[in-house]
2 protein chains.
Amino acid sequence: MSSAMPEIPWHKARKADPRQPLSRDVIVETGIRILDAEGLGGVTMRRVAQELGTGPASLYAHVSNKDELCELMLERITGEVVLPERAEPERWKEQVTEVCLAAQRVFTAHRDITLVSLGSVPIGPNQLRVTEFLFDLLLRAGVPAQVAAWALDALGQLIDTDAYEASLYVNRISGGTDIDAYFESIKDYLSRLPADRFPRMSSLAETLISGDGDQRFLFKVDVLLRGLETYIPQGPTRE
Amino acid sequence: MSSAMPEIPWHKARKADPRQPLSRDVIVETGIRILDAEGLGGVTMRRVAQELGTGPASLYAHVSNKDELCELMLERITGEVVLPERAEPERWKEQVTEVCLAAQRVFTAHRDITLVSLGSVPIGPNQLRVTEFLFDLLLRAGVPAQVAAWALDALGQLIDTDAYEASLYVNRISGGTDIDAYFESIKDYLSRLPADRFPRMSSLAETLISGDGDQRFLFKVDVLLRGLETYIPQGPTRE
DNA sequence: TTACTGCGACGAACACTGTTCTACGCGACG
DNA sequence: CGTCGCGTAGAACAGTGTTCGTCGCAGTAA
C-alpha cells in the first residue's frame, strides 16, 4: 500500500489501445468490424472484448446478451439501407425492386448477418423505416392491405434468405474454395444422375445451376411482384 | 485373468441400453430423436453419444462431422415427405401447393432442422426426389425451363424459411412463452408507433400480425404460383 | 477534506461445445 | 495360435457464452 511500491505493471499495459471508455456503440461497431472481416462465426464475446483491450465480462455491463449484441448490429446495419426520396406508386414494381436490391446489397456486404434477422421479428427503428416505406408503396399501388401486409413478410424473407446464401459463398471463397469449380462439380453430379429416376434434372443440369446470385434474386423479386400484381382489384397495371 | 475374477463392473453397466452395435443409421436416428425433443440446439455429439451409452469420440468412426450428421438427418427427414402418385399438370398449382404444404409440415414437425438446409445445396437422394417431382410438374405445366429451374430455388427457400420461423415459435412455446401474448404485445407496440413517421404500420398493426402460420405460408405459395403463371407463354391458364 | 456509496471494469471460473490423440480390446484371417 | 486391423472410448485441447465476486474510481454528502 505504500508509495514506494512500483506501478502495478499489468494494470497499465492492460490495453494496447486505450480508446473510448467502452460504450454500447463502440461494442456494436467493433462487432460489425469483426463481422465484416470474419463473418458471424468470428463474432464472439471474447473476440470483441479482446479487440477493445479488455475481457468478455466487461461487455455485459452494456449488452445483456450475445443475441442482443447481434440484434443491435443488425439494426445498425439496416440503417445503411438508403430509401428513395419519396414513393412513386406509378412505378411501384421498379421501386420495390430497387429497395430490395439495395437491402440485399447492404446485407450481403456484411456477411451472414441475416442469420440474425431470420430469427427475429423486425421491430428496430431502422427495420421499421424500411418496412413502412414498402408498406406505404404497396398500398398506394393498390395492393389490398392484408395482401400488402403478408407480402412484407415474403419480401423480408426473400431478402434475408438470399443475402444469407450469398454470404455462404463469400465464406467459402474466403475459405479458399474455388466457387466456379464447386458449381461445376455440382453440375457434373446432376448431369450424371440416373436418367430413369431423374430425367428432368439430369438433362437440365446446366439450366439448374445457371445464373449468378443477382440474376436469381431479381428473378425471385420479379415473380413475387407479378404475383402481387394479380391481387390489385382492377387487374394488372396497364403498360 | 482367471475365471475366479468377478465380472468387471463398469464394462457391463456401461450402457443402460445395450442396443445395436453403433452404426451410421442408429446415430442419425438418435440425432433425430433428440432434435424432435429439444431442437437442433440440443443435438450435440456428447448428447447423441450419451443417448447411445458411449462417448463422443465413438461417433466419429461413422460420421466425419457434426455438419455431416446434420445433413444426414435432414436427408432422412426429407424422405418423410410423401409425393402424389403422379404429376397432374392440368392442376399444377394445386399440386405444387400440396407438395409444399406437405414438405413444410414434415420439416416443422422436426423443429429447426431447416436451419441445416438453408445452408446447403440439396443433393441428397430424397431431396432430389422432391425437386425432380416439382421440376417435372412445372415443365409439364408449360413453365419455361429456366424459369422453372429458378422457381425451384424460390420454392425451396420459401419452405425452409417458413418452417424455420414456425419452429422458432415452437421453441418459444416449449420454452414457456405465451405465444398469443407475445404477438399481442407486438401488435400493441406497432399500434403505439408515432403516427407521423409510421402512419401505415401504426394504423394497420392488426392487419400486419393477423393470420396464422399456415395462412401466411399458403399466401406466399399462392403469390409465387400466380407470378410463375405469368411466365407461361400462352398466358394465364384459362379457368 | 474526508467518508461513503454505487457502478463499471474484469480476472477467474463454470459448464458447455466440436474435435483429435492414443491406448485398448476383440474379432477375423492367415 | 499369432497377428493384424478396426471400432471403441477415455482424456485432453481449444474454444464458446455467461456468472461471480472483487477492485478501483467517480460523484455525493457530511
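1. Asp188(B) is partly exposed, with a relative accessible area of 31%. In this predicted model, Asp188(B) forms a salt bridge with Arg192(B), and the closest N and O atoms are 3.8 Å apart. Arg192(B) counts as exposed, at 66% relative accessibility.

2. A second pair in chain B is Glu38(B) with Arg47(B), a salt bridge whose closest N and O atoms are 2.6 Å apart. Glu38(B) has a relative accessible area of 38% and is partly exposed. Arg47(B) is also partly exposed, at 23% relative accessibility; the boundary for buried is under 20%, so Arg47(B) at 23% does not count as buried.

3. In chain A, Arg33(A), Glu38(A), Arg47(A) and Glu51(A) are linked in a network of salt bridges. A further salt bridge in chain A joins Arg91(A) to Glu98(A), with the closest N and O atoms 2.5 Å apart. Arg91(A) is partly exposed, its relative accessible area being 26%. Glu98(A) is partly exposed as well, at 39% relative accessibility. Over all chains the count comes to 38 salt bridges. Side chains of opposite charge can pair when their charged atoms come close.

4. On the relation of the two chains: a rotation of 180 degrees, with 0.0 Å of shift along its axis, superposes chain B on chain A with an RMSD of 0.1 Å. That is the relation of a two-fold axis. Among the residues of chain B, Gly227(B) comes closest to the rotation axis, its C-alpha being at 1.9 Å. Of the interface residues of chain B, 100% are also interface residues in chain A, so the copies meet through the same surface.

5. Gly227(B) also belongs to a contact between helices of the two chains, in which α12(A) meets α12(B). Two packed helices are described by the angle between their axes and the distance between the axes. Here the axes of α12 (residues 213-229) of chain A and α12 (residues 213-229) of chain B come within 7 Å and cross at roughly 95 degrees. That makes α12(A) roughly perpendicular to α12(B), because angles of 65 to 115 degrees count as such.

6. The residues that α12(A) brings to this contact are Phe219(A), Val223(A), Leu224(A), Arg226(A), Gly227(A) and Leu228(A). They meet Phe219(B), Val223(B), Leu224(B), Arg226(B), Gly227(B) and Leu228(B) in α12(B). By class, the residues of the contact divide into eight nonpolar, two polar and two charged.

7. Gly79(A) sits in the loop between α4 (66-78) and α5 (92-109) of chain A. At 32% relative accessibility, Gly79(A) is partly exposed. Leaving aside residues up to four places away in sequence, Gly79(A) touches Asn126(A) and Arg129(A). Gly79(A) and Gly124(A) are 45 residues apart in sequence, with 9.8 Å between their C-alpha atoms.

8. When residues up to four places away in sequence are not counted, Ser117(A) touches Leu74(A) and Asp160(A).

Terms used
Residues numbered from 1 in each chain as written. Chains lettered and ligands numbered in written order. Predicted model: local features only at pLDDT ≥ 70, side-chain atom pairs only at ≥ 80, totals over all residues. Heavy atoms only, no water. Axes fitted to C-alpha atoms, helices over the stretch in contact; angles between N-to-C directions. Helix = DSSP H or I, 4+ residues; strand = E, 2+ residues; numbered from the N terminus. Parallel < 35°, antiparallel > 145°, perpendicular 65-115°, else oblique. Contact = heavy atoms within 4.5 Å. Nonpolar A, V, L, I, M, F, W, Y, C, P; charged D, E, K, R; others polar. Salt bridge = Lys/Arg side-chain N within 4 Å of Asp/Glu carboxyl O. Buried < 20%, exposed > 50% of the residue type's maximum accessible area, 1.4 Å probe, protein only. Least-squares fit on C-alpha atoms with pLDDT ≥ 70 in both.
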